[in-house]
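Welcome, and thanks for taking a look at this one with me. Here are some notes to read alongside the sequence and the 3D view.

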Amino acid sequence: MAPETNESPAYYVRPSGRCADHYASLVIEGRQRLAWEFLIRNEEFQIDCQAAYVGYLDPPAVAAKWGMYKFKPWYEPFALNREPRFVTSKVRTFYAKPSGSLTRIRMSPGEVAFVVDVDRMVKARDSRDAQLATLVRHLDATIARRAKRRNVEPAPPSRVNESNLDACLQVMDLRHHRIASAEIKREVKYLRDAVPHASADNKDGERGAKQTNSVNGRFRDVKNRGKALTDRHGYLKLADRAHGSSK
């Protein structure tokens, strides 16, 4: 729950899941918005925001933990004060010669990695000095570029191409409000569309065995996908490709 306050700011109210148009509009707004929608449904993030509000956690630390440049609590509406800006953890890949073995280095937000040839440093001092000088030049250039980019506002969000993200959010909200599964399958268009029109085998609105399996499969898929995008840092898969997410 959002913390109590005497100032009564405009807090986020979780949708009931009954209005499909609401979720369709989120998809149109873009990946950055959808990443935020999945993040704010993460209970651990909500707890961290509450702890930051009462002073138990440092807001910048909470922002860094959840891949944001600046702290924005889950209960604050998307466009209030400032929209969230995400950074993402990149995996940089380096190849070790001559064996060609693969070494993966997981990068945290804001980090940069360079590779130096230690064998050449051992053999020649000039090589070491040259490599270190090159490293400093590249690092200075990277810092300068990053400082410049951080002062640039994100581009307008792009339209999301991934399908059924609106259904994922709608199902999550309906389940949050303890709506029965059978009713959810009638409420969400993506699930309802799995039921065909009247046929020789079943009356209009009724499901045969195959149709029941179909809608149940869709229901499992959207539940699992919504959970994957909400838990931990799964939402950053959306922010990865959102305009302005890497700035």
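1. Let's begin with Glu44, which is partly exposed, with a relative accessible area of 28%. Please keep in mind throughout that this is a predicted model. The side chain of Glu44 meets that of Lys65 in a salt bridge, with 3.0 Å from N to O. Glu44 sits in helix α3 and Lys65 in helix α4, so this pair links distant parts of the chain, 21 residues apart. Lys65 also counts as partly exposed, at 37% relative accessibility.

2. A search of the whole structure finds 12 salt bridges.

3. Arg41 lies in the loop between α2 (31-39) and α3, while Asp173 belongs to helix α7, so the pair ties together parts that are 132 residues apart in sequence. Both Arg41 and Asp173 are buried.

4. Another pair to look up is Arg33 with Glu29: their closest N and O atoms are 2.8 Å apart in a salt bridge. Is Arg33 buried or exposed? Arg33 is buried, because its relative accessible area is 15% and the cut-off for buried is under 20%. Glu29 is partly exposed instead, with a relative accessible area of 32%.

5. Next, please turn to His177, in the loop between α7 and α8. His177 is partly exposed, with 36% relative accessible area. The C-alpha atoms of His177 and Pro15 are 9.2 Å apart in space, although 162 residues separate the two in sequence. A polar atom of the His177 side chain lies 3.0 Å from the backbone oxygen of Pro15. Leaving aside neighbours within four places in sequence, His177 is in contact with Arg14, Pro15 and Ser16.

6. The loop between α4 and β1 holds Glu76, which counts as buried at 14% relative accessibility. The side chain of Glu76 makes a polar contact of 2.7 Å with that of Lys72. Not counting residues up to four places away in sequence, Glu76 touches Tyr12, Trp36, Asn81 and Arg82.

7. Two backbone angles deserve a glance. Asn81 is not a glycine, yet has a positive phi of about 65°. Asn81 is in the loop between α4 (59-65) and β1 (91-96) and is exposed, at 64% relative accessibility. Arg178 has a positive phi near 60°, again in a residue other than glycine. Arg178 is placed in the loop between α7 (165-176) and α8 (181-187), and is exposed, with a relative accessible area of 78%.

8. On the surface, look for a nonpolar patch formed by Tyr53, Val54, Tyr56 and Leu57, which together have about 440 Å² of accessible area. Val54 belongs to helix α3 (residues 43-54) and is partly exposed, at 44% relative accessibility.

9. Finally, the cysteines. How many disulfides does the structure hold? The count is 0. Cys19 is partly exposed, with a relative accessible area of 42%, whereas Cys168 is buried at 1%.

Notes: Residues numbered from 1 in each chain as written. Predicted model: local features only at pLDDT ≥ 70, side-chain atom pairs only at ≥ 80, totals over all residues. Heavy atoms only, no water. Helix = DSSP H or I, 4+ residues; strand = E, 2+ residues; numbered from the N terminus. Buried < 20%, exposed > 50% of the residue type's maximum accessible area, 1.4 Å probe, protein only. Disulfide = S-S within 2.5 Å. Patch = residues over 30% accessible without salt bridge, like charges linked within 9 Å, V, L, I, M, F, W, Y side chains within 5 Å. Areas by Shrake-Rupley, 256 points an atom, 1.4 Å probe, with all protein chains shown as cover. Salt bridge = Lys/Arg side-chain N within 4 Å of Asp/Glu carboxyl O. Polar contact = N/O pair within 3.5 Å; in protein donor to acceptor, adjacent residues only side chain to side chain. Contact = heavy atoms within 4.5 Å.
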